[in-house]
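Subject: Structure handover

Hi,

Here is the structure I promised to pass on. Please load it before you read the notes below.

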Amino acid sequence: MMSKHPLSNPNHCQSSTNNRFSHLIFLSNMPVQTSSDKISLQHPKGASVEILLYGASVVSWKAPSPNDSAVAERLFVSSKASLDGSKPVRGGIPVVFPAFGPPTHPEHLQLPQHGFARSYVWTYDSTVMDNEAGVSVRLLLEPNDEIKAIFKKAFQLTYVVTLAEHQLSTDLHVTNPSTTEVIPFQALFHTYYRAPSADVVVKSLAGLKYIDKTASTDAERSTLRTETRSEVDVKQYTDSVYEDAPQSYEVIWPGDGLHIKTKNLKDLVVWNPQAEAGSKIGDMEDGGWNNYVCVEPGHVRGFIELQPGKRWIGQQVMTVVGGGKRSS
Ligand SMILES: O=P(O)(O)OC[C@H]1O[C@@H](O)[C@H](O)[C@@H](O)[C@@H]1O
């Protein structure tokens, strides 16, 4: 019996659908395609997603606008990004775990910047949902010998990517299989939205405390400031970490926009290097900073201490609202 709405039931698979017509439609559209290095999801109303197994990196999200149904790419990936697994992808949605930025926790000191989740090959686990409401897949990352050499904790990471008509959700599940040890970690979705950086603003940050990582001294970088702007722009080099944020934001520019909702991701990073810092990034295309804003929900101020046997889930839900339509 199908008692739940399909989107609320992640175990509702194509094989269990009782609608033989939608089954036929989905078979002909091939909603989930997997290859040795990539997973592609296709929604019948035109949206699509591509996920590299390397880093579980979402490298494309195309979705129609509710205004005019025109399907457009919603994410920015630098034309100089390496997509061959040789380094983390410059763009899309890299997964940051278990450390944000240069590692600071004593148990993270051997980790690279932003941790290791974005630079190892994940495995495709299953298709968790495949119906008219959405298409969803699950990927897994468990410790391999290289990870064990730099991070001593047992863990399992599960990543669920769900595509709906105007919406993309990413859920990171961190499981602690140990019976004795705690896992200290930070996590963040490093989402690069394709948007004109001269015009885009991020709303719902006024009144929040934040640190400004562009400041020139350590003392200034760690000073807690208060955001006074109701619309935060990135016309200048911006690298701000907001804490205890409302977990509901708008990223808007003339004619288009997105709404972002998160769970268990109390902090928000807004980053755009502009030419000042962007020209020093080797895999950033020339002028690439004009074409995106990173709005990155995470838990990065302080650490989550995941107790033995427990699971933590962090989620971001991104919805295209188009121009002229704003959530309240
Ligand atoms: O070059 P990376 O490691 O992908 O990091 C890019 C940026 O990522 C942001 O999340 C950080 O706040 C910035 O400080 C950093 O420069």
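The notes below cover the annotated sites, the ligand shell, the core and a few backbone points.

**Ground rules**

This is a predicted model, so local features need pLDDT of at least 70 and side-chain atom pairs count only at pLDDT 80 or more, while totals for chains, interfaces and linings use all residues. Residues are numbered from 1 along each chain as its sequence is written.

**Active site**

The "active site" annotation comes from an unreviewed UniProt entry and covers His190 and Glu296. UniProt positions are given in the numbering used here, feature names are shortened, and annotations may be inferred rather than shown by experiment. The two residues are spread over 107 residues of sequence, but they cluster in space, with a largest C-alpha distance of 4.8 Å.

His190 sits in the loop between strand S11 (183–189) and strand S12 (192–194). Strands (E, at least two residues) and helices (H or I, at least four) are DSSP runs, numbered from the N terminus. Glu296 belongs to strand S21.

The scale: buried means 20 or more other C-beta atoms within 10 Å of the residue's own, exposed means 12 or fewer, and partly exposed is in between; C-beta atoms are placed from the backbone.

Now the contacts (C-beta atoms, placed from the backbone, within 7 Å). Leaving aside neighbours within four places in sequence, His190 is in contact with Ile93, Pro94, Val96, Cys294 and Glu296. With residues up to four places away not counted, Glu296 touches Leu188, Phe189, His190, Thr191, Leu268, Val269 and Trp271.

**Ligand shell**

Which residues are around the ligand? They are Gly101, Gln113, His114, His190, Lys213, Asp239, Val269, Trp271 and Glu296. The criterion is a C-beta atom, placed from the backbone, within 6 Å of the molecule. By type, the shell divides into 2 nonpolar, 4 polar and 3 charged residues. Here Ala, Val, Leu, Ile, Met, Phe, Trp, Tyr, Cys and Pro count as nonpolar, Asp, Glu, Lys and Arg as charged, and the others, Gly among them, as polar.

**Binding site**

UniProt (unreviewed entry) places a "binding site" feature at Arg90, Gln113 and Arg118. These positions span 29 residues in sequence, yet no two of their C-alpha atoms are more than 13.6 Å apart, so they gather at one spot.

Gln113 lies in the loop between strand S6 (95–96) and strand S7 (123–130). Gln113 counts as exposed, because it has 12 C-beta neighbours inside 10 Å. Its contacts, not counting residues up to four places away in sequence, are Gly101 and Pro102.

Arg118 is also in the loop between S6 and S7. Arg118 is buried, with 22 other C-beta atoms within 10 Å. Beyond its neighbours within four places in sequence, Arg118 is in contact with Gly55, Ser57, Pro88, Pro94, Val95 and Val96.

**Core**

The largest nonpolar core has 79 residues. Such a core is a set of buried Ala, Val, Leu, Ile, Met, Phe, Trp, Tyr and Cys residues joined through C-beta atoms within 7 Å. Tyr159, Tyr193, Val251, Val293 and Val295 touch the most other members. Strand S21 (residues 292–306) gives the largest share, 7 residues.

Tyr159 touches Ala56, Val95, Trp122, Leu139, Thr170 and Leu172, not counting residues up to four places away in sequence.

**Backbone points**

The peptide bond from Phe97 to Pro98 is cis, with omega near 0°. Pro98 is in the loop between S6 and S7.

Phe185, in strand S11, touches Phe97, Pro98, Val174, Phe303, Ile304 and Leu306, not counting residues up to four places away in sequence. Phe185 is buried, with 27 other C-beta atoms within 10 Å.

Ala56 is not a glycine, but has a positive phi of about 50°. Ala56 is buried, with 28 other C-beta atoms within 10 Å. Gln274 is not a glycine either, and has a positive phi of about 45°. Gln274 is in helix H4 (residues 274–278) and counts as partly exposed, with 16 C-beta neighbours inside 10 Å.

Best wishes

Conventions: Contact = placed C-beta atoms within 7 Å.
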